[in-house]
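Me: Could you take a close look at one strand in this model and walk me through its surroundings? I would enjoy one connected account.

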Amino acid sequence: MSNRNLAEYLAELIGTGGPISISRYMAEALGHPAFGYYMTRDPIGAAGDFITAPEVSQLFGEMIGLWMADAWQTMGAPEDAIIVEMGPGRGTLMADALRAAATVPEIDAGTAVHLIETSPVLRPKQAEALSAQNVTWHDRLDTIPDNTAIFIANEFIDALPIRQFQRCLPGWRERMVDWDHISKTFRIVLGDTDSNDLIPDSVRNAPIDSIVEICDPARGIVAEISQHISRFGGIALLIDYGYAASRCGETLQAVRDHKTADIFESPGNADLCAHVDFAPLQAEAESNGAAAHGPTTQGDFLNALGIGLRASQLIQGATAEEESEINAGLARLTEADQMGSLFKVLVISKAGAPAPPGFEVST
Ligand SMILES: C[S@@+](CC[C@H](N)C(=O)[O-])C[C@H]1O[C@@H](n2cnc3c(N)ncnc32)[C@H](O)[C@@H]1O
C-alpha cells in the first residue's frame, strides 16, 4: 500500500467516494490491517493508553471465574461445554478466571477456551497467559463450535464501531466524516438521507441538535450469542461502560496515554470507544429467544458475588503494601465514583433458566 499512514488513506478514501460514516472511520482507525490501532500495539497498562478491570486487580477475573463455575454447575456441568471470550486483551481475565473456576472438576486445563481476537499483537500475549490451556483463536464469533458455551466479554463492545445521528429541522441525519483539503483536517458533516426510522422510539422526539449513537455490530453480536444459547445452551456475561436506557449524547471518545484526545487528531494512534447502550442489546437477546438479566452495575454485581470476602482472604498474610494495593483495587472496581457505577453487567441466558449469580436481587 502506498499510503504512509491512516490519515492519508482515509483522506484519499473520502476524496474518491465522499464523506464516510463515523462507523467506517472507527472501523478503519481500530482495525485497518496495516495501520489500525489494535493491529499495531498492546494498548493496555501503564505504558499503554488505558487500563482495564482485569489489569487493575486479580479480584476481577477471579470473581468472573467463580461466576463461570456457578453457571457451569447450574447448566448441569455439561462435559463438552466451551468457554468463549471476546476481546481478551492480554489474557489476564481468563487466566485469573480459570484459576478461580478450577474448583469445579469439569473446568481444567483441557477445557476448550475459544478466544475471539483480531489483534496479531495481543494473540501471542494471550497464548503466554494461557499457555497451559486448550485455546483456539477466531477472528469472528461465527466459527466457534456448536457446543454449550459460556461467553465472556469485558470492554469489548465499546470498541465496536458506532454511527452517530443528529436531529435537524427536517429530521434525523447521519453525522459523516469529511476531509477538508484546505485545512487538511477531518470534520463532521451531515448526510442528507432521512434516518428517522433508525432512531430508538424513546429518543426520536429529542430537541434539535441532539445526537444519538447506534452500534449495529453490537446488536449483531448479541443476536449471534442469543441464537447460540437458544440452540445449544449456554450463558453470556457482558461487561462494559454504558447506560441502561437509550438516551441522547455524544460519547465517542479517543483515548491516548491515559487522557482523552481529539478523535480526528491521529487516527490509528489513539483508542476510539463509545459508551454502550444496553437497551437495544437486551431487546436483541429477547427477540432471539434468550433471556436478558440486568444491566446491573459492576459494583453491585461484584459485591453480590462476594468480592469483599475474597479481598479479605487475599489480605490475610499480605504485607502492608500488598494490603493497600488489594484495597485500592477493590475500591477501583466497586466504588460508585470509580468503575462501580459507570460499568454495567448484562447476562444473557436460556429463556426460563434461573436468575444467574449476581442477579438474584433485581436492581
Ligand atoms: C479494550 S480491550 C479489552 C481487553 C480485555 N477484555 C480486558 O478487559 O483487559 C478490547 C479487546 O478487544 C479486541 N478487539 C477489538 N475489536 C475487535 C473486533 N472487532 N473483533 C475481535 N476483537 C476485537 C482488542 O484487540 C482487545 O483485545
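Reply: Happy to. Strand S2 (residues 82-86) runs parallel to strand S5 (residues 149-154), and 5 bridges join them. Strands here, like helices, are DSSP runs numbered from the N terminus (E, at least two residues, for strands; H or I, at least four, for helices), and two strands pair if DSSP finds at least two bridges between them. Before going further, please note that this is a predicted model, in which local features need pLDDT of at least 70 and side-chain atom pairs count only at pLDDT 80 or more, while totals for chains, interfaces and linings use all residues. Residues are numbered from 1 along each chain as its sequence is written.

Within the pairing with S5, Ile-83 has Ile-150 as its bridge partner. S2 also pairs with strand S3 (residues 112-116), again in the parallel sense, over 4 bridges.

How does the chain get from S2 to S3? S2, helix H6 (residues 92-101) and S3 form a β-α-β unit, and this unit is right-handed. In other words, with the strands pointing away from the viewer, the path from the first strand over the helix to the second runs clockwise.

Now for the faces of S2. On one side sit Ile-82, Val-84 and Met-86, on the other Ile-83 and Glu-85, and all are buried, so both faces are covered. A residue is buried if 20 or more other C-beta atoms lie within 10 Å of its own, exposed if 12 or fewer, and partly exposed in between, with C-beta atoms placed from the backbone. Because 5 of the 5 residues of S2 are buried, the strand is largely enclosed by the rest of the structure.

Burial also shows up in helix H10 (residues 298-305), whose buried residues are Gln-298, Gly-299, Asp-300, Phe-301 and Leu-302. Just after H10, Gly-306 takes a positive phi of about 95 degrees.

Next come helix H11 (residues 307-315) and helix H12 (residues 320-334), which pack at an angle of about 170 degrees with their axes 9 Å apart. Axes are lines fitted to C-alpha atoms, for helices over the stretch in contact, and angles run from 0 to 180 degrees between N-to-C directions. H11 and H12 are therefore roughly antiparallel, since angles over 145 degrees count as such, under 35 as roughly parallel, 65 to 115 as roughly perpendicular and the rest as oblique. Ile-307, Ala-311, Leu-314 and Ile-315 of H11 meet Glu-323, Ile-326, Leu-330 and Thr-334 of H12, where contact means C-beta atoms, placed from the backbone, within 7 Å.

Methods
Contact = placed C-beta atoms within 7 Å.
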